[in-house]
Amino acid sequence: MDTQAKSVKAHLFICCRSKQDKECCGSKNAVELVSKLKSWSKNSGNKEQIKVSQSSCLGHCENGITACLYPQNKWFTGISLQDEELLKEQLLKACQP
């Protein structure tokens, strides 16, 4: 049994898809947002409970960056780099009992 998988309480998937000549999250700094949140998770001591990953298209590119928090099934659309603190708060909240 994978003990790391059991300890993860919040997994944020952020669309980083890049499409030519179409609206896409990748062109809206999604990769940078993933990088910042991963670094924060690692440096804040929450690496075992919080995971942040790039995903392919989540279907709402025209609204800005899209993310999904699992297993909470919470969706975020129209987010940007300025929403980094909001996402951190949501990830920490998801880890609370």
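Is N43 buried or exposed? N43 is exposed, at a relative accessible area of 62%, where exposed denotes over 50%, buried under 20% and partly exposed the range in between (1.4 Å probe, protein chains only). The model is predicted: local features need pLDDT of at least 70 and side-chain atom pairs count only at pLDDT 80 or more, while totals for chains, interfaces and linings use all residues. Residues are numbered from 1 along each chain as its sequence is written, and side-chain values use heavy atoms, with hydrogens and water left out.

- N43 belongs to helix α2; helices (H or I, at least four residues) and strands (E, at least two) are DSSP runs, numbered from the N terminus.
- S41 counts as buried because its relative accessibility is 4%.
- Beyond the residues up to four places away in sequence, S41 touches N46, K47 and I50, a contact being heavy atoms within 4.5 Å.

**Nonpolar core**

- The largest nonpolar core has 25 residues, and L12, I14, L33 and L91 touch the most other members; such a core is a set of buried Ala, Val, Leu, Ile, Met, Phe, Trp, Tyr and Cys residues joined through side-chain atoms within 4.5 Å.
- Two or more residues of this core come from each of β1, α2, β2, β3, β4 and α3.
- Helix α2 makes the largest contribution to this core, giving five residues.
- With neighbours within four places in sequence set aside, L12 is in contact with L37, K51, V52, S53, A67, C68, L69, F76, L87 and L91.

**Helix α3**

- The buried residues of α3 are E84, L87, K88, Q90, L91, A94 and C95.
- These residues cover an arc of only 165° around the axis, so they lie on the same side of α3; the arc is that of the directions from the helix axis to the C-beta atoms.
- E89 and K93 are exposed on the other side of α3.
- The packing partners of the buried α3 residues are β1 (10-15), α2, β2 (50-55), β3 and β4 (74-79).

**Cysteines**

- Zero disulfides are found in a search of the whole structure, a disulfide being a pair of cysteine sulfur atoms within 2.5 Å.
- C68 sits in strand β3, residues 65-70, and is buried, with a relative accessible area of 11%.
- The closest cysteine sulfur to that of C68 is in C15, at 12 Å, which is too far for a bond.
- C68 and H11 are 57 residues apart along the chain, yet their C-alpha atoms are separated by 8.2 Å.
- Not counting residues up to four places away in sequence, C68 touches H11, L12, F13, L58, N73, K74 and W75.
- C57 is partly exposed, with a relative accessible area of 29%.

**Salt bridges**

- The structure has four salt bridges, each defined by a side-chain nitrogen of Lys or Arg within 4 Å of a carboxyl oxygen of Asp or Glu.
- An α-helix has 3.6 residues a turn, so residues three or four places apart point the same way.
- In helix α2, E32 and K36 are four residues apart, about one helical turn, and form a salt bridge whose closest N and O atoms are 3.9 Å apart.
- E32 is partly exposed at 36% relative accessible area, and K36 is partly exposed at 35%.
- In helix α3, E84 and K88 are likewise four residues apart, about one helical turn, and their salt bridge has its closest N and O atoms 3.2 Å apart.
- E84 is buried at 14% relative accessible area, and K88 is buried at 12%.
- E85 and K88, three residues apart in helix α3, also meet in a salt bridge, at 3.1 Å from N to O.
- Through shared partners, salt bridges join E32, K36, E84, E85 and K88 into one network.
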